[in-house]
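Hi everyone, thanks for coming. Let me put the structure up on the screen, and then I'll talk you through it.

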Amino acid sequence: MRQRTQTAYAFLTPYLLIFLAFWIWPIINSFWLSFLNTRSANWTFNPRMTWGRLLVDPAFANALQNTLVILVIQVPIMIALATVLATLLNSPALKVRGLFRFAFFAPVVVGEVAYAAMFRLLFNEFGIINKMLAGIGLTTIPWLSDPNAAMAVIIIALTWRWAGYNAIIILAGLQSIPEDVYEAATLDGVSKVRQFFFMTLPLLKPVILLCVVLSVIGTMQLFSEPFLITNRGGPGQATETLGLFLYRQGFNAFNFGYASAVAYTIAALAIAISLLNLWLGRERE
Amino acid sequence: MAGVTLSKVVKRFGSYEIIHGASLEVADGEFVVFVGPSGCGKSTLLRMIAGLESVTEGDVSIGGRVVNDVEPAERGVAMVFQSYALYPHMTVEQNLSFGLRMTGHDKADIARRVERTAGILRIAELLKRKPRQLSGGQRQRVAIGRAIMREPQLFLFDEPLSNLDAELRVQMRVELARLHKELGVTMIYVTHDQTEAMTLADRIVVLRDGTIEQVGRPLDLYNDPDNQFVAGFVGSPKMNFIPALVVEGDGRGVTVELAGQERTTRLTQPLAGPAPEPGSRVVVGVRPEHFGDAGKGDADLLVNVDIVEHLGGTSFIYASTAGDYGLVIQRDADGVADAAEITVSIRKSYLFDENGKRLR
Amino acid sequence: MSGRSSAQRRRNILLHAALAPLALIWLFPLWMMFIFSTMDDNGIFSPHVVLTPSTHFLENFNALEADTGFIRATTISILVATAYTLLSVTLTSMAGWALASYRFVGKGVVLATILGTLTLPYFVVVIPQFIMVARDFHLDNTWFALIVPPLFNSLGVLFMRQSFAMMPSELFDAARVEGVKEWRIFLYVAVPLARPTLAALSIILFLHSWNNYLWPLLINSQPAMMTAPVALGSLIGLTKVSWGGIMTGAVILTAPMLVLFVTLQRHFIAGISAGAVK
């Protein structure tokens with residue numbers, strides 16, 4: 001290949017300008033902002049008002065705790081479900097495959113607002129979920145006004161929305177495993193269940209780790225669900241997440257400095273947790 | 001008009017040097033083949049002539065003009081690639097005319113050239129097809145056709161036949177030779193297949209590890225190789241190499257003793273140059289076809305027969321000596337006895353010094 | 001023989017018995033979204049469980065239109081998503097081509113920067129973006145604000161780079177030797193060959209823009225410049241509002257994407273699995 005710097009930049013520059021203006025510059029700018037007191041008329045350097053406040057702000061601690069609770073419960077459930085779904089959907093014996101795929105993959109294309117509205121209505125105190133619970137003789141649950149139940153609704157909604165997405169990725173991973181590995185195992189008399197645990201899962205590990213990392217990053221930024229389904233993190237602050245907290249600080253209180261410190265905390269946590277996962281899932285001797 | 005000159009051409013990627021100063025003259029109208037094992041730099045050299053790779057040091061000239069900084073298109077060359085590089089979304093006709101259309105050629109002229117090209121390569125009935133509807137040989141023709149369309153003074157071929165099966169390869173080889181005669185232009189051809197090189201080339205350039213080992217006409221390389229590498233590379237099956245020690249030598253010749261023989265086997269060769277010191281290591285090269293009946297050559301070898309391959313007219317004996325050196329011996333079919341041990345003579349041999357350089 | 005096939009049959013039944021109820025649960029919210037969009041609020045909150053459509057869809061739509069100007073919002077969404085997709089595909093495939101096809105000064109830095117910042121949360125940039133667009137340049141509530149800042153997304157660059165890099169480079173070299181200009185090689189050789197990838201990328205980008213919520217919510221808060229998700233979201237949580245209308249809006253936002261998904265499933269799935277394996 002000849003070196004063609006001019007030609008390359010002719011193709012690259014239009015995108016690069018946008019990338020620098022709306023991605024790289026904000027990343028840098030946001031870091032700088034996180035040290036500024038933006039509550040005064042002149043923004044001045046005062047990290048005590050941002051990073052310092054993070055350490056002592058109970059509202060931040062609450063949002064952090066809620067986010068981690070959702071993360072710890074929702075991500076494992078969803079990834080396990082997605083793995084099982086992908087395996088079942090990959091079975092050659094499956095009938096009406098198209099319909100099954102549609103059922104689980106369709107939520108991927110449903111927008112946040114539409115699905116949030118839907119779940120808010122389904123889990124309304126007088127909504128159809130409670131009607132069905134009552135119909136089979138169970139007690140109804142004040143889904144959106146009980147703190148724990150509200151958390152459960154968020155987790156259910158997230159799982160509905162994202163299990164299929166992860167199943168698609170895992171399915172792609174499954175389909176890249178050569179068929180003859182299984183044929184050899186079948187000839188050796190290894191049962192299907194054992195094949196799943198001792199062949200499929202180890203071979204899928206990199207893909208599953210990728211799904212975990214993507215889900216962690218997504219969960220750390222959770223915003224629309226608590227904003228719309230549980231009415232801005234309700235009841236009280238029971239489902240307030242870091243994303244929602246940032247939104248409030250940045251765009252209700254217009255405290256850009258503090259919100260930027262929150263943003264960097266989210267980023268740092270997302271990267272740290274992802275790295276921890278990759279480290280736990282690393283290839284061992 | 002379109003001779004090519006390389007003078008001390010060097011190619012480096014970063015600190016990694018691929019071509020170590022290659023110099024070569026290709027005359028106008030000549031068919032020159034670059035041959036060598038994979039990784040020897042032959043394709044890189046070709047791509048530098050095409051302008052697809054930049055020249056780190058030295059000069060590449062085409063038709064007397066240094067073209068180091070000239071864009072590929074302005075060098076007046078056409079190139080045929082190993083993978084054919086046909087545009088899969090275009091018909092044969094569009095493939096042929098794409099370059100000319102994109103550079104604003106006159107439409108009538110393009111049509112004339114398509115017709116001429118299709119005539120030369122006998123692909124007129126394929127013009128409306130897409131590449132995936134063609135056989136390997138047809139694709140190859142179209143790829144060559146695309147080169148002809150440019151009416152270049154210099155054709156470059158990068159292993160154009162290596163994706164074809166053996167039979168087609170022979171057929172296309174004949175066609176390429178015909179094409180060269182018909183067009184009368186300079187052609188530079190890269191291959192790792194020494195048979196292609198031997199049959200097509202006016203001159204062969206043997207490369208190894210980024211260095212030109214020898215340049216010459218096919219039979220000259222075969223009969224008079226400069227070094228052990230060229231001797232081993234040209235000719236099929238390969239030349240046999242037997243280690244030996246110099247026993248004595250003077251201004252007129254040298255006597256060596258072959259290693260690994262049951263009986264002491266000595267061989268004497270005339271030398272024009274000085275003989276190596278007695279006791280120094282040399283290598284004796286013998287082509288499979290240069291073995292003869294016992295007692296009729298310069299020296300006799302007693303060998304164990306491992307396997308005999310009968311090809312009809314000739315047979316190949318795969319044999320080993322007491323020192324466990326494998327040998328390939330070519331004999332007439334009726335000259336092969338069904339024995340575990342035979343004695344053959346060396347009718348003609350080459351001597352190489354320890355570094356592989358030919359002793360003449 | 002028969003023992004083996006009956007075991008297989010048992011397994012098949014088990015497979016479907018496990019998947020079918022799960023699939024019904026998964027379809028339930030979408031089905032109810034459609035059912036609710038045809039009910040008035042009395043129907044939605046009646047004490048009975050009703051799983052079949054009613055007849056109030058148009059009524060609901062009129063309520064929705066009166067509350068938010070949903071037709072205008074949807075038109076804005078269509079235009080924005082279309083413009084965004086066209087622009088993003090153009091910019092990112094050009095950039096992807098440059099990164100796949102040329103050696104040039106700074107290539108390593110550009111690639112490392114894109115890859116290194118890929119997984120940074122969007123929240124890190126949203127505040128400065130907002131300050132820059134709304135405060136410094138007063139471009140809030142404009143088409144520019146909706147379309148241009150989200151173009152930073154580097155998914156297409158990596159996606160297209162991968163696609164171009166997998167094409168045999170001899171194809172492009174052949175054109176180069178023939179004197180074809182680089183931008184023509186890109187346009188007439190590379191882009192036509194990348195059509196499947198471009199389709200998958202376009203679909204993902206369109207979906208992305210169509211469903212985008214946070215940025216339009218922040219930057220275009222005036223009713224006249226709201227996108228459909230923002231307009232619909234503004235109704236959620238209001239006390240005096242038609243739920244039937246909200247569900248109608250949800251159906252209008254969702255149905256076209258579902259139709260696209262069913263007809264172009266292959267491209268969707270290619271886009272999603274490639275998008276994840278960035």
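Predicted model: local features only at pLDDT ≥ 70, side-chain atom pairs only at ≥ 80, totals over all residues.

Residues are numbered from 1 along each chain as its sequence is written, while chains are lettered from A and ligands numbered from 1 in the order in which they are written.

Let's start with chain C. Its secondary structure comes to 15 helices and zero strands; helices (H or I, at least four residues) and strands (E, at least two) are DSSP runs, numbered from the N terminus. The C-alpha trace of chain C spans about 75 × 75 × 30 Å along its principal axes. Of the 278 residues of chain C, 50% count as buried. Here, buried means that 20 or more other C-beta atoms lie within 10 Å of a residue's own, exposed means 12 or fewer, and partly exposed is in between, with C-beta atoms placed from the backbone.

So what does chain C touch? With chain A, the contact takes 71 residues from chain C and 76 residues from chain A; two residues are in contact if their C-beta atoms, placed from the backbone, lie within 7 Å. On the chain C side, α1(C) gives the most, with 13 residues. That side divides into 56 nonpolar, 13 polar and two charged residues. For those classes, Ala, Val, Leu, Ile, Met, Phe, Trp, Tyr, Cys and Pro count as nonpolar, Asp, Glu, Lys and Arg as charged, and the others, Gly among them, as polar.

With chain B, 16 residues of chain C meet 17 residues of chain B. Here α9(C) gives the most to the chain C side, with seven residues. This side has ten nonpolar, one polar and five charged residues.

Now to chain B, where the domain assignment gives domain 1 (4–233) and domain 2 (240–355); such bounds come from an automatic or database domain assignment. The C-alpha centres of these two domains of chain B lie 39 Å apart. Their contact takes four residues from domain 1 of chain B and five residues from domain 2 of chain B.

There is also an open sheet in chain B, with five strands in the order β15-β19-β16-β17-β18 and antiparallel pairing; two strands pair if DSSP finds at least two bridges between them. Its edge strands are β15 (291–293) and β18 (326–332) of chain B. Seven bridges join β17(B) to β18(B), and B:Ser315 stands opposite B:Arg331 in β18(B).

Last, the backbone details. Where are the cis peptide bonds? One runs from A:Gly234 to A:Pro235, with omega near -10°, and another from B:Ser236 to B:Pro237, also with omega near -10°.

B:Asp209 has phi near 50°, a positive value in a residue other than glycine, and B:Asp209 is partly exposed, with 14 C-beta neighbours inside 10 Å. Phi of C:His138 is near 50° too, and C:His138 is exposed, with 10 other C-beta atoms within 10 Å.
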